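The text below takes two places in turn.

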Amino acid sequence: MKRVPIILQIAMAVGALLWLAAPRSVAAEAAAAVGKPNVVLIVVDDMGYVDIGCYGCKDIPTPNIDSLARDGVKFTNGYVSCSYCSPTRAGIQTGRYQERFGHEFNPGSAEATKNDPAVGLLLTEITLADMLKKAGYATGIVGKWHLGAHPQFHPMKRGYDEFFGFLGGSHSYVKWDDKGDPILRGTEPAQGEGYLTTRYGQEAAEFIQRHKDAPYYLYLAFNAVHSPLEADEEHLAKFAGIQDKKRRTYAAMLSAMDDAIGQVLQAVKDTGQEKNTIVWFVDDNGGPLSQGSDNGTLKGKKSQPWEGGIRVPFMVRYPEKLKGGVVYDKPVISLDIAPTSVAEAGGELPKDRPIDGVDLIPYLRGEKQGVPHEELYWRKGPDASVRKGDMKLVRQGGAGKYQFYLYDLGKDRDEKQDLAAEKPDVVKQLTADLANWEKDMKPPLWSPQAKKPKKSGAAASAPAGKGAEKAQSKSGGRAAKKGAAKPDEGKAKVKPQAEEKE
Ligand SMILES: [Ca+2]
């Protein structure tokens, strides 16, 4: 496992400490905080591209989520920075391509990694909560963390004042003490019962009420509609007409989430701060399809570099500054959430490291011409892609035998016609752009979560992390070894997972 050079680690750690410790008095913060917008960041999990009404769904009513498109801006070329859970969240929290700090893969389950200080959002990274807290905000998270289960990565050590939720990547909706990853309030197991998606809505609404007199940042990270497929009777009853059992359960789960979001939006309204509250809505990756989700005609699914893995429902509502009912079709990415929120909060971004997201408000208000991003990049092991304008290059394969595919998304959003043979110059240019971008990225800090074998076997079932490399080298070199994903070295040392569990 290759580490970030110690000198660089120390420099970034000092930078993070200095940044967090820079003096601003409490009184100054309180004075400066008046008039600042609240920020509500809603992240949903594993939802398909066409599973809400405002993106074309016909069989699952989602009036509350749809209201964000009616009253805000809907992105139709909205992306996340990874095709699965934890890396996307690392990018959202930092505004940086998560490959810059080796957060390229999901960690293992919370149960498997809770004693592993090597698997989680690097402590040298500064979170959106850190940034907004410094700008005078009350901060809280409700729901799924998935950025490290070791105590040092706990959200309340990463800028969040309050936490109600779980540390891993997936969770039962009905069993609060699930798989050694209990629902926590703060750092202690929470006592309670009831359907968790609904409970998250209640907890979020209560947070909003509790902090209505100060600017607040609420990170509402639903695990819905991720597996396991577990719905409550009330919502299941609404979808008795859907024959397919998986789709019916999925629809009920999504409907419960829509109700919970309705409760949160109502809380914002009740406090009289609707205009001055930025509400983000983003899906953390495309639908996996095996659980009842639907990506429409997009190619591919969760964990894949095709549009079905990374193009997602993405919206922002901010009546104070943005007109409602607007569709914005230039490419944007979830990395933009942090810089946009921090700019509106009058906060500051760290200056000692590249920030890849941009402040979208000037673009959305038409004050800035051009596009927020000339290029966007993705990488997960040997899979990588780049979008430049409408042209998208996809790299797949491994063991020195990469395959390259080229699409014109302006004419072919669904990636049906591979233009690689027709446009070799474009392939060459985008391949060079990708290689150039990869020079600034770090090797993965941990290997992909090992799949559980059907038959027991110590090496293959070892969790990712410290012990994994040794175990995995015995089992045939699955680990993310030195330079695993560098353009010229890493061709297939990191094996992608066939089906992601988290
Ligand atoms: Ca996910």
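The paragraphs that follow describe a strand with its partners, and then a sheet with a helix.

This is a predicted model, in which local features need pLDDT of at least 70, side-chain atom pairs count only at pLDDT 80 or more, and totals for chains, interfaces and linings use all residues. Residues are numbered from 1 along each chain as its sequence is written. Helices (H or I, at least four residues) and strands (E, at least two) are DSSP runs, numbered from the N terminus.

Start with strand β10, residues 216–221, where 6 of 6 residues are buried. A residue is buried if 20 or more other C-beta atoms, placed from the backbone, lie within 10 Å of its own. In a regular strand the side chains alternate between the two faces of the sheet. In β10, Tyr216, Leu218 and Leu220 are buried on one side, and Tyr217, Tyr219 and Ala221 on the other.

Two strands pair if DSSP finds at least two bridges between them. Strand β1 (residues 38–44) pairs with β10 in the parallel sense over 5 bridges, and Leu41 has Tyr219 as its bridge partner. Strand β4 (residues 138–144) also runs parallel to β10, joined by 6 bridges; here Val142 stands opposite Leu220.

Now turn to the open sheet of 4 strands, ordered β15-β16-β17-β18, with antiparallel pairing. β15 (375–380) and β18 (401–408) each have a single partner strand, so one side of each is left without a neighbour in the sheet. Between β15 and β16 (residues 383–388) there are 6 bridges, and Tyr377 is partnered with Val386.

Conventions: A residue is buried if 20 or more other C-beta atoms lie within 10 Å of its own, exposed if 12 or fewer, and partly exposed in between; C-beta atoms are placed from the backbone.
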